[in-house]
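Have the viewer open and follow along as we go.

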Amino acid sequence: MRLHIVTIFPEMFPAPLGAGIVGRAQEAGLAAVHVHDLRDFAHDRRRTTDDSPFGGGPGMVMRPEPLYEAVESLQLPEGSPVVALTPQGAPFRQADAERLAAEPVVTLLCGRYDGVDERVVAGLATERLSIGDYVLTGGELAAMVVVDAVVRLLPGALGHAEEAIADDSFTSGLLQYPQYTRPADYRGMSVPEVLLSGDHAAIDRWRRNQALRRTLELRPDLLAQATLSDEDRKELRRLGWSEN
Ligand code: ADE
């Protein structure tokens with residue numbers, strides 16, 4: 001998969017995207033991340049990409065021409081997603097990561113200043129995504145979040161841990177169950193007995209129930225969308241859940 005990032009701060013990207021699973025996926029040829037300097041598409045000698053807003057007011061707005069010309073230079077395939085990262089976007093969810101991971105080419109546009117000319121949204125971006133209800137200084141960190149969440153889903157990216165995707169928080173619609181490793185006792189806190197039992201059916205049921213319990217406690221909003229068996233519902237009711 002190819003990922004294009006358009007930004008006025010290309011220097012922000014190499015370290016976060018060069019390390020760990022995302023770095024390894026690039027070395028293995030599973031993902032190619034291309035970072036493009038928006039200033040290369042500016043029209044003046046000072047490489048300006050912003051201007052003051054029509055109608056007045058504080059702050060600066062990103063001009064449309066460099067963004068349009070940067071994206072046109074990529075010669076994207078027809079229908080390829082062009083995502084504008086902005087706090088006004090739809091919330092970025094695991095389902096979006098899965099959808100984007102299935103695309104051969106994805107382009108991410110990083111906004112800066114106090115916004116981006118609305119004609120970029122109207123005629124260039126195919127969608128807007130936000131990574132949360134807070135305002136960052138720009139879309140760069142949000143683009144890194146999207147790349148990370150997408151690249152780890154590419155077949156082969158996680159290596160041995162591939163099955164882990166099914167147990168991820170959100171993939172299943174529930175938060176992940178608690179995990180433990182050695183030592184079995186640490187500072188008076190011991191690992192739940194069942195995990196040491198070798199009884200895999202019992203371990204699966206315990207993990208499922210823990211995922212249900214944790215989701216009910218911390219993110220009850222997720223339960224409405226989760227795929228639940230009759231047994232899951234029974235357990236949730238036992239824990240005090242009332243559907244609706
Ligand atoms: N740019 C600034 N804040 C953002 C956010 N929360 N998500 C995506 N892009 C942003």
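## The sheet

In this predicted model, strand β1 (residues 2-7) pairs with β2 in the parallel sense, over six bridges. If you want a landmark along that pairing, look for His-4, which stands opposite His-34 in β2.

Now widen the view. Five strands make up an open sheet with parallel pairing, and their order is β2-β1-β6-β5-β7. At its edges are β2 (32-37) and β7, each of which pairs on one side only. Direction ignored, neighbouring strands of this sheet are turned by 35° against each other on average. As background, strands of a sheet pair through backbone hydrogen bonds, and they can do so in a parallel or an antiparallel way.

## A helix across the strands

Next, find helix α4 (residues 94-101). This helix lies across three strands, β5, β6 (105-110) and β7. Relative to β7, helix α4 runs at about 135°.

## Around the ligand

Which residues come nearest to the ligand? Of the 13 residues around it, they are Thr-86, Ile-131, Gly-132, Tyr-134 and Leu-136.

For Tyr-134, a backbone N or O atom lies 2.8 Å from a ligand nitrogen atom. A polar backbone atom of Gly-132 is 3.1 Å from a nitrogen atom of the ligand, and for Thr-86 the distance from a backbone N or O atom to a ligand nitrogen atom is 3.2 Å. Taken alone, the ligand exposes 260 Å², and the protein buries 96% of that.

Where does the shell come from? The elements giving two or more residues to it are β5 (82-91) and β7 (127-130). Strand β5 provides the largest share, three residues. By residue type, the shell divides into eight nonpolar, five polar and no charged residues.

Most residues other than glycine have a negative phi, and most peptide bonds are trans. With that in mind, two spots deserve a look.

One is the cis peptide bond that joins Arg-182 and Pro-183, with omega of about 0°. Pro-183 lies in the loop between α7 (164-167) and β8 (185-186). The other is Arg-47, which has a positive phi of about 60° although it is not a glycine. You will find Arg-47 in the loop between β2 and β3 (50-51).

Key:
Residues are numbered from 1 along each chain as its sequence is written. This is a predicted model: local features need pLDDT of at least 70, side-chain atom pairs count only at pLDDT 80 or more; totals for chains, interfaces and linings use all residues. Side-chain values use heavy atoms; hydrogens and water are left out. A residue is near a molecule or strand if one of its heavy atoms lies within 4 Å of it. A polar contact is a pair of N or O atoms within 3.5 Å; within protein, one must be able to donate a hydrogen and the other to accept it, and residues adjacent in sequence count only if both atoms are side-chain atoms. Accessible areas come from the Shrake-Rupley method with a 1.4 Å probe; for residues, only the protein chains shown count as cover. Helices (H or I, at least four residues) and strands (E, at least two) are DSSP runs, numbered from the N terminus. Ala, Val, Leu, Ile, Met, Phe, Trp, Tyr, Cys and Pro count as nonpolar, Asp, Glu, Lys and Arg as charged, and the others, Gly among them, as polar. Two strands pair if DSSP finds at least two bridges between them. Axes are lines fitted to C-alpha atoms, for helices over the stretch in contact, and angles run from 0 to 180 degrees between N-to-C directions. Contact means heavy atoms within 4.5 Å.
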